[in-house]
Amino acid sequence: MTACKLSLYSDATDRWRLLEADMLAALAKLPENSVDCVVTDPPYGIAFHGEAWDGAGKAGRHLSDGEAFAAWARAWASECLRVLKPGGHLVAFGSPRTFHRLVSGVEDSGLQIRDVLMWVYAQGTPKTRKLPGGLAAMLKPAYEPILLARKPLVGTTPRNLEEWGTGALNVEASRVNGYWPSHLALSHSPDCTGERCASDCPAGLLDAARPELRPSRLFFCAKASKAERETGCEALPLQSDLLYSRPAVRLRRNIHPTVKPLALMRWLVALVTPPGGVVLDPFAGSATTGIAALLEDRVFLGIEREPKYTDIACSRLTHWAHEAERESS
Ligand SMILES: C[S@@+](CC[C@H](N)C(=O)[O-])C[C@H]1O[C@@H](n2cnc3c(N)ncnc32)[C@H](O)[C@@H]1O
Ligand SMILES: [Zn+2]
């Protein structure tokens with residue numbers, strides 16, 4: 001993948017661009033009103049540890065970790081506001097512990113808070129050790145909140161739609177088993193098979209409790225499987241997956257620790273992007289948002305700072321762009 005050693009990556013399909021850069025520097029170079037939506041999964045600010053976000057210009061002023069995270073969210077959301085077309089949506093994942101700061105930072109940027117979606121995956125592992133006496137400091141994570149915000153409209157919704165193509169959600173195209181899409185998405189367990197749900201699968205439990213409601217009104221998708229994460233990365237080296245490998249060593253080609261499931265990202269992209277529109281992800285990681293955009297026949301612009309992740313992102317995007325072309329021809 002020699003092409004991917006440059007700081008601006010793409011491939012012959014010309015359906016995606018990836019900038020290897022700090023997102024604030026890269027966003028500042030984009031023209032205003034140029035993207036149809038932002039779909040992103042920013043750092044969650046959990047391992048924040050008193051980082052000096054207040055910077056040299058604010059010497060003497062003390063910000064708590066939470067305040068600094070909100071100020072940082074406001075800074076990047078302000079750039080997103082500028083580059084979004086009027087009425088363009090922003091979708092941003094968060095962590096339950098810092099989500100309130102993400103929302104306030106995004107709101108302070110001038111974007112309008114429209115909704116909070118929830119992705120319930122239920123099978124997280126506790127991120128803490130057991131203490132003596134049956135005690136522990138934290139619960140097991142089981143969901144991720146997803147913020148839905150929007151750049152203010154110019155005039156009415158119909159007028160904004162006519163002028164910019166943005167301002168509304170693609171409800172018809174995103175129906176779930178024929179039903180109006182809701183702001184709750186559930187995940188199957190990774191252990192579910194086509195025939196049977198695992199015993200702790202939230203989807204299976206829900207359907208079993210209310211069989212008369214099948215097919216469900218809720219959107220279901222599995223967490224990203226190993227095969228899904230690795231597809232397109234065949235030419236990359238195998239590396240040990242430090243975050244999840246303890247105590248056993250696991251080798252992977254896609255070592256990004258927070259790869260989102262494609263089905264969920266496709267559903268979100270299809271919901272907020274006008275047909276053929278440009279999807280921006282300033283925290284692209286291994287580019288799952290980008291793959292979703294390609295498979296939904298949209299155009300992708302991603303920004304990712306870490307070379308070890310842009311390599312993975314380029315490989316995956318190159319693979320899936322050709323798949324998407326093959327499917328549409
Ligand atoms: C939660 S991950 C995104 C994962 C992605 N959803 C996926 O499926 O692979 C956030 C990404 O933001 C990147 N990042 C953090 N700060 C950044 C910055 N200032 N500029 C550009 N990228 C940044 C990190 O390197 C990380 O890959
Ligand atoms: Zn299931």
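**Reading the model**

A: Of the 329 residues of the protein chain, 41% count as buried; a residue is buried if 20 or more other C-beta atoms, placed from the backbone, lie within 10 Å of its own, exposed if 12 or fewer, and partly exposed in between. This is a predicted model, in which local features need pLDDT of at least 70 and side-chain atom pairs count only at pLDDT 80 or more, while totals for chains, interfaces and linings use all residues. Residues are numbered from 1 along each chain as its sequence is written, and chains are lettered from A and ligands numbered from 1 in the order in which they are written.

Q: How many helices and strands does the protein chain have?

A: Helices (H or I, at least four residues) and strands (E, at least two) are DSSP runs, numbered from the N terminus. The protein chain has nine helices and 14 strands.

Q: Which residues of helix α3 are buried?

A: In α3, which spans residues 99-108, the buried ones are Arg101, Leu102, Gly105 and Val106. They lie on the same side of α3, because they cover an arc of only 130 degrees around the axis, the arc being that of the directions from the helix axis to the C-beta atoms. Their cover includes α2 (65-83), β4 (84-93) and β8 (143-150). Just after α3, Gly110 takes a positive phi of about 110 degrees.

Q: Which residues touch the most other members of the largest nonpolar core?

A: In soluble globular proteins, nonpolar side chains tend to be buried together. A nonpolar core is a set of buried Ala, Val, Leu, Ile, Met, Phe, Trp, Tyr and Cys residues joined through C-beta atoms within 7 Å. Here the largest core has 77 residues, and those touching the most other members are Leu18, Leu90, Val106, Leu268, Val269, Leu294 and Leu317. Beyond four places in sequence, the contacts of Leu317 include Trp16, Leu18 and Ile291; two residues are in contact if their C-beta atoms, placed from the backbone, lie within 7 Å.

Q: What surrounds ligand 1?

A: A residue is near a molecule if its C-beta atom, placed from the backbone, lies within 6 Å of it. Ligand 1 is surrounded by 17 residues, the closest being Phe283, Gly285, Ser286, Thr288 and Arg305.

Q: Is Gly285 buried or exposed?

A: Gly285 counts as buried because it has 25 C-beta neighbours inside 10 Å. Gly285 is found in the loop between β13 (278-281) and α8 (288-295).
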